[in-house]
Amino acid sequence: MLIVLRKKRIVTTMLVAAVVLAIVFGTMPILHTLFPLRHREWIDTYSEKYGLDPYLVMGVISAESRFEESAVSHKDARGLMQITGETAAWCIGKFDIPATAEQIHLPEVNIQIGCAYLDYLMETFDGQTQTVLAAYNAGQGNVRKWLADVAYSADGKTLHTIPFEETRTYVDKVIKRMEIYRRLYAEETYR
């Protein structure tokens, strides 16, 4: 298991290095294939509506579904941002989103619900991006327990250690992909 995790980190580091080199040497079409961007209009619209960094949303979508609209997880999370029916129903009611939980497979609905939920987590966890991403992956209940435990949080607001390896890897992946998307698409009007 440890060897597999080290290999994943090496691959991630190599991808980040490849992005930097491709930007420097002008091989952007290859990177656009490796890091696709679809539905930018909805990402921009709902990122702005909910006060989110659009590159964070892109990083979440890339890590969750690699921009595959029909993605379904083993926990039955669906769509681009991997929203469960329960989370969809809660967000639709709380944020008055004009949709039904059955529509979470639709890209616009999925992105709006995902952005509304990320905004809620940002408010709940004081805008601490790593903590928010941990909650998006492992659930708010787990994160609240970790924040209350000095083994994981010295101040009760930020996580200095994430006990779930899957969640640590997820947070790292989203942050790296967020920066890759920022470098690839910040200067473009690609839509």
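The model is predicted, so local features need pLDDT of at least 70 and side-chain atom pairs count only at pLDDT 80 or more, while totals for chains, interfaces and linings use all residues. Residues are numbered from 1 along each chain as its sequence is written, and side-chain values use heavy atoms, with hydrogens and water left out.

The protein has nine helices and zero strands. Helices (H or I, at least four residues) and strands (E, at least two) are DSSP runs, numbered from the N terminus. Along the sequence the pattern reads α-α-α-α-α-α-α-α-α. Of the 191 residues, 42% count as buried. Buried means under 20% relative accessible area, exposed means over 50%, and partly exposed lies in between (1.4 Å probe, protein chains only). Among contacts with a separation of 6 or more, 54% come from residues 24 or more positions apart. A contact means heavy atoms within 4.5 Å.

Helix α4 covers residues 54-65. Its end C-alpha atoms are 16 Å apart, and its twelve residues should span 16 Å at 1.5 Å a residue, so the two values agree. The expected span is 1.5 Å times one less than the number of residues. Ten of the twelve residues of α4 are buried, so the helix is largely enclosed by the rest of the structure. The buried residues are Y55, L56, V57, M58, G59, V60, I61, S62, A63 and S65. They pack against α3 (40-49), α6, α7 and α9 (165-185).

Helix α6 covers residues 107-124. It has 18 residues and reaches 25 Å from its first C-alpha to its last, close to the 26 Å expected at 1.5 Å a residue. It is mostly covered, with 15 of its 18 residues buried. N110 is found in this helix. N110 is buried, with a relative accessible area of 0%. Leaving aside neighbours within four places in sequence, N110 is in contact with R78, G79, L80, M81, Q82, I83 and I104. N110 and A99 are eleven residues apart in sequence, and their C-alpha atoms are 9.8 Å apart in space. Just after α6, D126 takes a positive phi of about 50°.

Two packed helices are described by the angle between their axes and the distance between the axes. Axes are lines fitted to C-alpha atoms, for helices over the stretch in contact, and angles run from 0 to 180 degrees between N-to-C directions. Helices α6 and α7 (residues 129-138) pack at an angle of about 125°, with their axes 9 Å apart. The two are therefore oblique to each other. Angles under 35 degrees count as roughly parallel, over 145 as roughly antiparallel, 65 to 115 as roughly perpendicular and the rest as oblique. The crossing of α6 and α7 is right-handed. A crossing is right-handed if the near helix is turned clockwise from the far one by less than a right angle, and left-handed if anticlockwise. On the α6 side, the contact is made by G114, Y117, L118, L121 and M122. On the α7 side, T129, V132, A135 and Y136 take part. These residues divide into seven nonpolar, two polar and no charged. Ala, Val, Leu, Ile, Met, Phe, Trp, Tyr, Cys and Pro count as nonpolar, Asp, Glu, Lys and Arg as charged, and the others, Gly among them, as polar.

Helix α7 also meets α9. Their axes come within 9 Å and cross at roughly 125°. α7 and α9 are therefore oblique to each other. Their crossing is right-handed. Q130, L133, A134, Y136, N137 and A138 in α7 meet E166, T167, Y170, V171, V174 and I175 in α9. This contact divides into eight nonpolar residues, three polar and one charged. Y136 takes part in the contact with α6 and in the contact with α9.

Two loop residues complete the description. H39 lies in the loop between α2 (28-34) and α3. At 16% relative accessibility, H39 counts as buried. Leaving aside neighbours within four places in sequence, H39 is in contact with E69, L80, P107 and I111. Phi of H39 is near 65°, a positive value in a residue other than glycine. R66 is found in the loop between α4 and α5 (85-94). R66 has a positive phi of about 55°, although it is not a glycine. At 39% relative accessibility, R66 counts as partly exposed.
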